[in-house]
Amino acid sequence: MALRFTRIEQFIRKHRLHVLRDVALFIIITVLIHFLWRFWQVQYNYAPVRDFMYGLMGMLSAEVYRESAWVISGLYDIVRVDDTMHMYFPNECVMYVNNSCSGLKQMLQFSLLMMLFPGPWKHKLWFIPAGVLVMHLTNLFRVVGLAVFMNHWPHYWEFSHDYLFRPFFYLVIFLMWVLWVEKIARR
């Protein structure tokens, strides 16, 4: 078994495939975390920390709602913003920010990816919190972008939610990971 692993390592070195190995590791870790999260969410309802998770998601989604409503109100005349986390637009469309809009999954996904991925812990201790902040800002951008679609092209809202802004989160995670691999972990 050790001989086989050595041959694989030699092959990787000879053909300079380290980048592909790193990308494969990124994909495996990201997909694994995604499916484990979904399994934990659907099958166990976040047990044994359900109350903590729902409290944290509620707090984060309320913060995203508050901050995005502030940005959106500078762009558009929002008819009404209320404590139920709904935004009412002049075109009679309504956008609701719920717990799944908190960005918690992506923050934890990024954090776990960085913890599991090789690199010096002295850099991880500042890079992970910085990445969590970037995930929060990405989430704000996502909610504001969804409001733009809701206000101008409401018939494209579902498409923009599912196929434009959701993958954008993973693009940002990937770019943060590239920054980690290329610039920070190899210093």
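Reader: Why does Met85 count as buried?

Author: The relative accessibility of Met85 is 15%. Residues under 20% relative accessible area are called buried, those over 50% exposed and those in between partly exposed, for a 1.4 Å probe and protein chains only. Met85 therefore belongs to the buried class. The model is predicted, so local features need pLDDT of at least 70 and side-chain atom pairs count only at pLDDT 80 or more, while totals for chains, interfaces and linings use all residues. Residues are numbered from 1 along each chain as its sequence is written, and side-chain values use heavy atoms, leaving out hydrogens and water.

Reader: What makes the phi of Met85 worth noting?

Author: Most residues other than glycine have a negative phi, and most peptide bonds are trans. The phi of Met85 is near 65°, a positive value. Met85 is located in the loop between β1 (80-81) and β2 (86-88). Glu92, in the loop between β2 and β3, also is not a glycine and has a positive phi of about 70°. With a relative accessible area of 73%, Glu92 is exposed. As for the peptide bonds, the one joining Ala47 and Pro48 is cis, with omega about 5°; Pro48 is placed in the loop between α2 and α3.

Reader: How do you know that the length of helix α4 agrees with its number of residues?

Author: Helices are DSSP runs of H or I with at least four residues, strands are runs of E with at least two, and both are numbered from the N terminus. The expected span of a helix is 1.5 Å times one less than its number of residues. Helix α4 (residues 104-116) has 13 residues and should span 18 Å; its end C-alpha atoms are 18 Å apart, which agrees. The buried residues of α4, including Leu104, Met107, Phe110 and Leu113, pack against α2 (18-44), α3 (50-75), α5 (121-152) and α6 (157-184).

Reader: What makes Phe127 the site of a kink in α5?

Author: The bend at a residue is the angle between axes fitted to the seven residues ending there and the seven starting there. At Phe127, shortly before Pro129, there is a kink of about 25°.

Reader: How many disulfides does a search of the whole structure find?

Author: A disulfide is a covalent bond between the sulfur atoms of two cysteines. Here it is taken as a pair of cysteine sulfur atoms within 2.5 Å. The search finds zero. For Cys93, the nearest cysteine sulfur is that of Cys101, 16 Å away, and Cys93 is in no disulfide. Likewise, Cys101 is in no disulfide, its nearest cysteine sulfur being that of Cys93. Cys93 is buried at 16% relative accessible area, and Cys101 is buried at 10%.

Reader: How many aromatic pairs are found in the whole structure, and why is the pair of Tyr46 and Tyr54 called edge-to-face?

Author: The search finds 17 aromatic pairs. The centres of the Tyr46 and Tyr54 rings are 5.4 Å apart and their planes lie at 80°, so the pair is edge-to-face. By definition, rings of Phe, Tyr and Trp (its six-membered ring) pair if their centres lie within 6.5 Å; planes under 30 degrees apart count as stacked, over 60 as edge-to-face and the rest as tilted. Tyr46 is buried at 3%, whereas Tyr54, at 34%, is partly exposed. Phe159 and Tyr163 form a tilted pair, 5.8 Å centre to centre with 35° between the planes. Both lie in helix α6, four residues apart, about one turn of the helix.

Reader: Which atom does the side chain of Ser68 reach, and why is Ser68 called buried?

Author: The side chain reaches the backbone oxygen of Tyr65 at 3.2 Å. A polar contact is a pair of N or O atoms within 3.5 Å; within protein, one must be able to donate a hydrogen and the other to accept it, and residues adjacent in sequence count only if both atoms are side-chain atoms. Ser68, in helix α3, has a relative accessible area of 0% and is therefore buried.

Notes: Contact means heavy atoms within 4.5 Å.
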